[in-house]
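Look at the model below and follow its aromatic rings.

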Amino acid sequence: MYARVTTYRVDPARLGEMDAELSDLRAHCKALPGIVAYNTVWREDGRGISTTIYDCRASAEEAAARLKYIWGSFSKLLIEEPVTELFDRTADMLETKKR
């Protein structure tokens, strides 16, 4: 699996708009190629982290253009450019493996 971890900062005065914005983007997130998991978390000060897990690096690379659209749609709430880091090792800590 492959992951993108993005840190971002939303204008704290606009946090009330987050739910509507995320709801509007949900279908785009679900349509990302090879998407396994996509979670975002944020605090009252506007700092947030988005974690996207893909089935492989090729899917993550294919999703890059769509992610630009997603972040662009969300940009009106941001007060800083998002910063994305890529990771080539992941572990699903909740997965139960059958033996």
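Tryptophan 71 and phenylalanine 74 both sit in helix H2, three residues apart, about one turn of the helix. Helices (H or I, at least four residues) and strands (E, at least two) are DSSP runs, numbered from the N terminus. This is a predicted model: local features need pLDDT of at least 70, side-chain atom pairs count only at pLDDT 80 or more, and totals for chains, interfaces and linings use all residues. Residues are numbered from 1 along each chain as its sequence is written, and side-chain values use heavy atoms, with hydrogens and water left out.

A pair of aromatic rings is described by the distance of the centres and the angle of the planes. Rings of Phe, Tyr and Trp (its six-membered ring) pair if their centres lie within 6.5 Å; planes under 30 degrees apart count as stacked, over 60 as edge-to-face and the rest as tilted. By this rule there are three aromatic pairs. In one of them, the ring centres of tyrosine 8 and phenylalanine 74 are 5.9 Å apart and the planes stand at 85°, so the pair is edge-to-face. This pair links distant parts of the chain: tyrosine 8 is in strand E1 and phenylalanine 74 in helix H2, 66 residues apart. Tryptophan 71 and phenylalanine 74 also form an edge-to-face pair, with 5.7 Å centre to centre and 80° between the planes. Tyr8, Trp71 and Phe74 form one aromatic cluster.

Phenylalanine 74 is buried at 3%, and tryptophan 71 is buried at 14%.

Now the core. A nonpolar core is a set of buried Ala, Val, Leu, Ile, Met, Phe, Trp, Tyr and Cys residues joined through side-chain atoms within 4.5 Å. The largest one has 17 residues, and Tyr8, Val10, Met18 and Phe74 have the most contacts inside it. Strand E1 (2-9), helix H1 (18-30) and helix H2 (57-74) each give two or more residues to this core. H2 gives the largest share, six residues.

Technical notes:
Buried < 20%, exposed > 50% of the residue type's maximum accessible area, 1.4 Å probe, protein only.
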